[in-house]
Amino acid sequence: MKKTRFVFGSLLLALTSIMLNACGGPINANSGKTQAKVPASAGKQIFDSQCIACHNLGTGDKQSGPDLMGSTKRQKREWISAWIKNPAPMLESDAYAKALLKKYNNIPMPALGLDDQQVKDVVDYLVWVDETNGGKIAEFVPLTDAEFAKAKDVYFDRCSGCHGAKRWGATGPSLLPNSHIVKAKEIPGGGTKTTGTEGLEAILWNGTALGMPPWGKMGILSKSEINLMAKYIQMTPPEVPKFPIEQMKSEWKLTVPVEKRPSKDQTNGRYKDYVGIILRDAGKVAIFDAKSKKKLAIIDTGFAVHILRVSHSGRYFYSIGRDGKVTLIDLWYKTPKMVAEGRTCWDARSIDSSKAPGYEDKYAIIGCYTPNQYTIMDGETLEPISVTSIADSKDYATGNPLPEIRVASIVASDKEPFWVVNLKESGWVYLVDYTNPKAPKETRLKAENFLHDGGWARVPGKDELRYFLVAANAKNQVCVVDVVKKTVMQPCIPTGQVPHPGRGANFVHPKYGSVWATTHISSDFISLIGVDPEGHPEHAWKVVDSIKTKSPGSLFVKSHPKSNNVWFDMPLSSKEGVSGQAGVYDISTGKIEYIQVSPEQITHFEYNVDGTEVWISGWKEGAIYVYDDKSRKLIKKIKGSWSRTPTGKFNVTNTAKDIY
Ligand code: DHE
């Protein structure tokens with residue numbers, strides 16, 4: 001399945017309360033007809049206080065000015081905005097304005113002194129009035145089978161990551177038609193049908209303050225797609241089909257058997273500083289040489305590849321697509337080459353290889369969102385070995401069964417033969433022992449619900465890669481897994497709202513010693529957690545500092561042991577221009593410099609192997625920007641016709657050795 005559409009994260013954090021409040025309260029059912037909520041409430045307030053004296057909405061020309069019902073159908077948005085902002089010059093030059101003046105007894109429209117945002121709010125409100133016929137919405141008509149099938153695909157691409165395939169919610173709220181979920185329990189009432197088509201459309205179009213992207217405003221979903229989705233989520237979710245090992249075996253392709261691959265590295269070691277770049281909308285991965293900054297290969301992969309990981313030796317890149325497609329790329333060739341591919345589920349986000357002594361590059365594991373399972377494969381051929389369902393994992397706190405439990409991040413221990421597998425909804429961490437990969441053994445540890453992404457803590461010169469910090473994002477916490485003691489420290493550490501570290505950033509703080517940093521989606525600060533229990537026990541496993549940033553809406557943060565900087569993005573910021581800026585925090589001075597990398601959204605950082613250059617992805621412009629880390633000056637803008645959305649970037653050595 002090859003798709004080319006893209007999403008900037010289905011980071012849908014709209015809470016049910018937001019769905020009810022931001023749009024003006026629940027809809028009142030009224031014998032099939034309902035009263036829609038007002039999406040542009042700021043615009044309504046201005047209209048009700050400043051316009052209502054002269055204008056009606058749908059009751060005819062009874063006042064000094066025209067009835068504004070239908071105004072956005074009669075005139076373009078730009079015209080109405082200019083008119084509201086300053087009518088006087090238009091009365092001089094614009095024929096339509098002159099005609100209006102004449103028609104309404106030469107009473108001129110006064111300037112209201114509104115700023116640009118207020119004008120926009122009023123126009124949004126007038127558009128909404130026209131689209132909903134003044135707030136009257138039609139009876140709900142279910143989708144046809146063909147519409148339902150289309151909506152199912154859109155839901156999978158845009159929504160299921162945060163709201164779940166079964167729509168019980170996770171990072172975002174539940175989207176069930178007639179019920180809502182509280183503490184993993186289904187409660188009748190308050191579902192999507194209560195919000196209604198227009199209310200849901202408004203949320204899908206405008207987004208919400210807590211992180212639901214404005215799909216309509218961003219131009220990612222069209223009006224008709226938004227209408228389709230608003231109806232789809234008021235219908236019962238479809239069943240999720242199975243993905244058994246027989247199907248994995250039938251979809252597995254060994255393009256180049258191991259014995260036919262190069263017996264030694266043909267690149268003179270250059271591959272160690274290669275960087276793999278996810279070309280998200282194109283369903284491809286580009287491989288560049290970080291030194292020469294030359295493109296070496298573009299390789300077909302799964303749809304919207306989510307992450308790349310590197311085998312312990314550094315020889316292989318593994319990519320995992322959102323469609324569950326896995327691709328193995330051999331970097332020892334002069335030109336990197338795809339040598340095997342397969343598929344283990346419908347929807348996946350995580351992959352890693354085996355890294356324990358004696359098991360280097362031997363196995364790989366894929367964590368699936370849908371179905372709820374993980375698969376172990378041969379690390380050099382991707383032949384499926386076993387599949388393990390996690391569907392029986394109950395809520396860690398209540399012991400209640402859950403309809404959906406997805407595999408979020410996975411990391412390999414470099415000490416013992418197991419992977420740390422983080423289960424999202426149920427809040428368990430499974431240590432999956434792969435010594436017998438046909439029947440892996442699980443050690444189950446309680447952590448916190450909604451485990452998502454995370455990274456290893458690094459203390460220079462000490463026992464490295466012992467503590468894995470993972471965000472329990474919807475719980476606003478970070479949990480610490482100790483892979484030596486095989487425990488999760490309790491309690492998890494409270495952070496800001498919706499921590500989103502990627503893999504986080506490690507550095508030595510002048511005051512607190514070694515810290516690990518996480519950015520947040522919904523808070524405007526970076527949390528620093530002390531991670532050196534021996535050197536700085538007083539600071540360990542607490543938030544020791546919060547670095548204030550310009551805006552919430554961050555996704556990734558990155559540093560390098562040889563750098564004095566910590567880079568972070570703010571791609572989900574709603575502030576003008578900020579989504580295209582990178583923040584650079586100076587470790588020694590604690591000061592932040594903001595760099596306007598692009599006018600459009602930028603995201604995710606990766607260093608070269610020497611820690612002297614930083615690669616940044618620019619969306620829409622479809623460019624990669626390489627900055628000098630010290631001078632913070634642009635060295636090179638790499639732009640191809642290959643993708644509008646280059647996303648995650650993974651340097652071979654930094655990824656293989658977990659340097660960030
Ligand atoms: Fe990600 C990491 C899940 C949205 C880009 N993302 C991860 C991980 C998980 C995850 C579980 C950790 C993998 C690991 O370490 O094993 N991401 C999800 C979602 O469920 C979510 C919220 C919605 C969805 O439907 O996918 C989501 N992610 C996004 C995006 O919108 C991003 C920005 C663009 C995209 O590709 O969709 C995005 N996620 C990334 C990247 C990483 C990642 C680049 C790896 C960061 C790293 O440095 O390792």
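A word on the basis. This is a predicted model, in which local features need pLDDT of at least 70 and side-chain atom pairs count only at pLDDT 80 or more, while totals for chains, interfaces and linings use all residues. Residues are numbered from 1 along each chain as its sequence is written, and side-chain values use heavy atoms, with hydrogens and water left out.

Let us begin with strand 32, residues 565-569. Strands here are DSSP runs of E with at least two residues, and helices are runs of H or I with at least four, numbered from the N terminus. Five of the five residues of strand 32 are buried, so this strand is largely enclosed by the rest of the structure. Buried means under 20% relative accessible area, with exposed over 50% and partly exposed in between, for a 1.4 Å probe and protein chains only. On one side of strand 32 we find Asn565, Trp567 and Asp569, and on the other Val566 and Phe568.

What are the partners of strand 32? Two strands pair if DSSP finds at least two bridges between them. Strand 31, residues 557-558, is joined to strand 32 by two bridges and runs antiparallel to it; the two form a hairpin with six residues between them. Strand 33, residues 581-586, pairs with strand 32 over five bridges, also in the antiparallel sense.

I turn now to the rings. A pair of aromatic rings is described by the distance of the centres and the angle of the planes. Rings of Phe, Tyr and Trp (its six-membered ring) pair if their centres lie within 6.5 Å; planes under 30 degrees apart count as stacked, over 60 as edge-to-face and the rest as tilted. The structure holds 19 aromatic pairs. In one of them, the ring centres of Tyr125 and Trp128 are 6.2 Å apart and the planes lie at 20°, so the pair is stacked. Both residues belong to helix 7, residues 116-131, and are three residues apart, about one turn of the helix.

Phe507 and Tyr585 form a tilted pair, 5.9 Å centre to centre with 55° between the planes. Phe507 lies in strand 27 (residues 505-509) and Tyr585 in strand 33, so the pair ties together parts that are 78 residues apart in sequence. Phe507 is buried, at a relative accessible area of 6%, and Tyr585 is buried at 5%.
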